[in-house]
Amino acid sequence: MIKETKKDWEKNTPKISQKKNFFEKINFYLLMHSSVPLREKLFFVQHLGVMLHSGISILTAFRTLAEQTESKTFSKILKLAASKLEGGTSLTETLKCYPNIFEELFVNMVASGELSGKLEEVFKQLYIQMKKQYELTAKVRGALTYPVIVICIMAGMAVFMMIYVMPKIMDMFKDYGADLPLATKIMIGLSGFLTEHGLPVLIVSVALILFLIKILRTIKGKYIFQGLILRLPIISGIVKKINLARFARTTSSLLKTDIMIIETFRITASVLGNLHYRKVVSEIGLSIKRGGQISEVIKKYPKFFPPVVTQMIIIGEQTGEIDSILEELAKFYEEEVEQIMENLPSIIEPLLILILGAGVGGMALAVIMPMYSITSAI
């Protein structure tokens with residue numbers, strides 16, 4: 001696919017000299033492996049749907065949106081796509097050439113829309129899907145930003161105190177030769193260790209962090225880490241609700257565009273963030289392929305799908321409106337996640353204050369106790 005796109009790109013840029021061919025190849029490679037912000041794709045889908053509804057051709061819409069997008073990368077991609085569309089390539093085949101920009105869910109929904117002649121409805125569903133995903137991601141990031149910043153500042157202040165402030169205070173206690181309490185001895189030892197071995201500690205810490213990041217980027221490492229997350233008391237509930245919301249929203253959108261149920265579960269599994277949920281949804285799809293009902297199969301995974309999900313799906317199967325039922329289920333879990341994310345800072349703040357107070361109190365205790373001993377001795 002990439003080779004074909006490259007030929008089209010070179011064909012549409014005939015004025016470029018052969019001397020620049022190597023640099024153009026590098027530029028093309030970077031372009032094909034670049035990502036586009038979700039908000040830009042959201043803008044594209046929304047306006048493309050409006051344009052199609054207004055009777056504007058898909059080719060004109062692509063060229064217009066290529067000029068309007070703020071992302072230079074996305075603008076180039078849309079122009080290349082417009083060239084392919086003008087050459088007679090279908091919209092689905094065109095989008096398949098850019099897998100980093102248009103993921104499998106997007107392409108399959110568009111393919112269904114082309115076959116059924118319901119592209120406007122497809123882009124409407126895609127817009128709802130992507131908008132909810134964007135809002136959910138923004139909520140989670142916003143809620144986690146505050147505690148992460150506070151923890152980093154606390155850690156930085158603690159290291160600064162231990163390396164630059166505490167040694168000067170502790171030297172005064174040593175000069176007096178007073179009998180120091182245990183807390184002060186621990187503080188002196190820790191401060192001395194960081195002062196003398198600060199650089200090796202920093203190097204080892206950075207190396208350890210990079211090593212952990214590398215492990216977490218592997219499938220096995222990510223699978224183990226996400227499995228541990230699903231066992232944590234509070235965090236597991238949040239992670240499950242996020243994945244359930246995405247599962248319900250994606251499945252509903254795919255079913256609304258008349259994609260087969262087996263293919264729906266396969267595509268849904270590919271877009272879920274948690275690998276354990278991805279594995280379970282894939283297994284559910286295979287069980288349905290062998291003739292099982294959705295509700296009966298999902299019952300086998302109570303740790304991943306609570307009873308309310310099973311009951312809602314049973315109702316959907318009985319009424320023949322499983323897509324609408326899943327949409328309502330998605331709204332329910334999305335609202336749950338939004339509520340949790342809004343309340344999370346107020347829940348975490350007392351805990352952070354408690355940790356900060358314990359740290360400051362411990363340092364103060366280690367400094368004040370020897371002072372009291374010295375004053376009493378005088």
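Two exercises with worked solutions follow.

This is a predicted model, in which local features need pLDDT of at least 70, side-chain atom pairs count only at pLDDT 80 or more, and totals for chains, interfaces and linings use all residues. Residues are numbered from 1 along each chain as its sequence is written, and side-chain values use heavy atoms, with hydrogens and water left out.

**Exercise 1.** Find how many aromatic pairs the whole structure holds, and describe the pair of Phe44 and Phe62.

*Solution.* Step 1: a search of the whole structure gives 11 aromatic pairs (rings of Phe, Tyr and Trp, its six-membered ring, with centres within 6.5 Å; planes under 30 degrees apart are stacked, over 60 edge-to-face, the rest tilted). Step 2: Phe44 and Phe62 are edge-to-face, at 5.4 Å centre to centre and 80° between the planes. Step 3: Phe44 sits in helix H3 (residues 38-53) and Phe62 in helix H4 (residues 58-68), so this pair ties together parts 18 residues apart in sequence (helices are DSSP runs of H or I, at least four residues, numbered from the N terminus).

**Exercise 2.** Describe the pair of Phe44 and Phe74, and decide whether Phe74 is buried or exposed.

*Solution.* Step 1: Phe44 and Phe74 are edge-to-face, with 5.4 Å centre to centre and 75° between the planes. Step 2: Phe44 in helix H3 and Phe74 in helix H5 (residues 72-86) are 30 residues apart. Step 3: Phe74 has a relative accessible area of 0%, so Phe74 is buried (under 20% relative accessible area, with exposed over 50% and partly exposed in between; 1.4 Å probe, protein chains only).

How values were computed. Helices (H or I, at least four residues) and strands (E, at least two) are DSSP runs, numbered from the N terminus.
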